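Hello,

Please find the structure you asked for below. My notes on what was found in it follow.

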Amino acid sequence: MNEDNAAARVIEHLRAAARSGHAGDRMPSVRELMARHRASPATVQQAIQRVAAEGLVEVRPGRGSYVAPRTAATSHDLSWQAVALGEGRPGEDLVANLVAVPKPEAIPLTSGYLDPELQPTDALGAALSRAARRPASWGRVPVEGKEELRAWFAKEAGGELRAGDITVCAGAQEALATVFRGLGERGDAVLVESPTYLGAIAAARDAGLKVVPVPADQDGVRPDLLQAAFERTGAKVFYCQPLHANPHGAVLSGERRAEVMRIVRGVGAFLVEDDWARGFTVDGTAPPTLVSQDTDGHVVYVRSLTKVAAPGLRVAAIGARGPAGTRLKNTRSRQDLYVAGPLQEAAIDFVTSPVWRRHLRTLQQALRSRRDALTRALGEHLPELEIAKSSGGLHLWVTLPDGVDDLDLTTAAAARDVVVFPGRPWFAAEPPGSFLRLTYGGAPEHVLAEGVRRLAEAVFAVRR
């Protein structure tokens, strides 16, 4: 992918500059590297960190990076590792780029997590403190997770799922990795909506699966194309986000929900329901889960508490019935024995207390206000952008005008201390245009407005 190539170019550029320079020489700045290699700020920062780890560069916070002194500890040639490691895995750095922590002075118009102001950290801290004082929290934990927590996830999912069908994981990314490894064999095809969550694309490819995109629109995945994709590829797994799909925000319509389930049953496949946005609906009422309407075990359910609470609450769950549930539990146990007991206890304490529902009500009000503020700012400063309808979630999906490249714009925005994420990596194949995913849940309203103003300057600069 383009970001993979850019990362390799930046690393080689830095290595060459460090080896040809003298100790103390200033290295190229982040902005210079971004402009020269058309790389995102996260990619450049990671490249600098990698070369610094090799001992070639010395990073001085607030001042930049410099050629490191030649010492015995830094003179070893580690270039052999590039041969030993071989070709990098496609997209392996994309998730890291997505969750990279921006510079303190940067305005985040993209984020995978809630603004700290919206996180219930006091309640979580109190829950963890209580959990830590219970001796049982520090004992052995069942591989599938604590019974009370599994029962809560099962009840939230609805339908036929029971506590025994739930496996607790350390966050949604681990859950997705478990699902793709457990349900597929290397070389198998897996169908995904297009566009879709890039973390799912990365997890599927890391499991050795061939990712096949199926176009989606404002009503979710297109059933006619889903049917055709199943018939053409013989796939047995379809990854779907029916509620506020990340990045484009679509909700699978009622008519299509029934059609998609009919297709999945007809071909004898699994539908992986990523219910990441449960609790983020700000307009209307969220539809029930697909798993709640599944009687025959075709739906594998994934839900995380991390997005809706705080990044440190790395607790998620997989719900699957029958042999599939057993296989996924076994797959999970091979990756990591279990999620830490105190964290599971704290999660139980938090979601079963009145503060959980209060948090959701407060959060939904704040997200509605911030979504509207970001939409207004875009209408004022960038009226030529096409904004996809959003009734919830954390993001707005915008189509850029003709002639504005998403990677160029990402670089130009970073030069103005605005962090945005290009649309290209959210597609498993070539994108049909240029897009940005802009997040309204990661910053206060006045910061969002200033970020859009700077983004408009970046659009103007790219067009010149």
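In this predicted model, four strands form an open sheet in the order S12-S13-S16-S15, and their pairing is antiparallel. The edge positions are taken by strand S12 (386-387) and S15; each has a single partner strand, so one side of each has no neighbour in the sheet. The pairing of S15 with S16 is antiparallel and runs over two bridges. Pro-422 is opposite Leu-436 in S16.

Salt bridges

The model has 28 salt bridges. As background, side chains of opposite charge can pair when their charged atoms come close.

Arg-424 and Asp-405 form a salt bridge through their side chains, at 2.6 Å from N to O. Arg-424 sits in the loop between strand S15 (421-422) and strand S16 (435-439), while Asp-405 sits in the loop between strand S13 (395-399) and helix H15 (406-414); the two are 19 residues apart. Which of these residues counts as buried, and which as partly exposed? Asp-405 counts as buried because its relative accessibility is 18%, under the 20% cut-off. Arg-424, at 22% relative accessibility, counts as partly exposed. Both residues also belong to a network of salt bridges that links Arg-38, Asp-405, Asp-406, Asp-408 and Arg-424.

Another salt bridge joins the side chains of Arg-370 and Asp-115, with 2.9 Å from N to O.

Glu-156 is partly exposed, at a relative accessible area of 24%, and Arg-357 counts as partly exposed at 42%.

Cysteines

How many disulfides does the model have? The count comes to zero. For Cys-169, the nearest cysteine sulfur is that of Cys-240, 19 Å away, and Cys-169 is in no disulfide. Cys-240 is likewise in no disulfide, its nearest cysteine sulfur being that of Cys-169. A disulfide here requires sulfur atoms within 2.5 Å, so a separation of 19 Å rules this pair out. Cys-169 counts as buried, with 0% relative accessibility, and Cys-240 counts as buried with 0% relative accessibility too.

Phe-350

Phe-350 is part of helix H13 (residues 341-351). With a relative accessible area of 1%, Phe-350 is buried. What is Phe-350 in contact with, leaving aside its neighbours within four places in sequence? The list is Pro-120, Ala-123, Leu-124, Ala-127, Ala-309, Val-355, Trp-356 and His-359. Phe-350 and Ala-126 are 224 residues apart in sequence, yet their C-alpha atoms are 8.9 Å apart in space.

Regards

Note on methods
Residues numbered from 1 in each chain as written. Predicted model: local features only at pLDDT ≥ 70, side-chain atom pairs only at ≥ 80, totals over all residues. Heavy atoms only, no water. Salt bridge = Lys/Arg side-chain N within 4 Å of Asp/Glu carboxyl O. Buried < 20%, exposed > 50% of the residue type's maximum accessible area, 1.4 Å probe, protein only. Pairing = 2+ DSSP bridges. Contact = heavy atoms within 4.5 Å.
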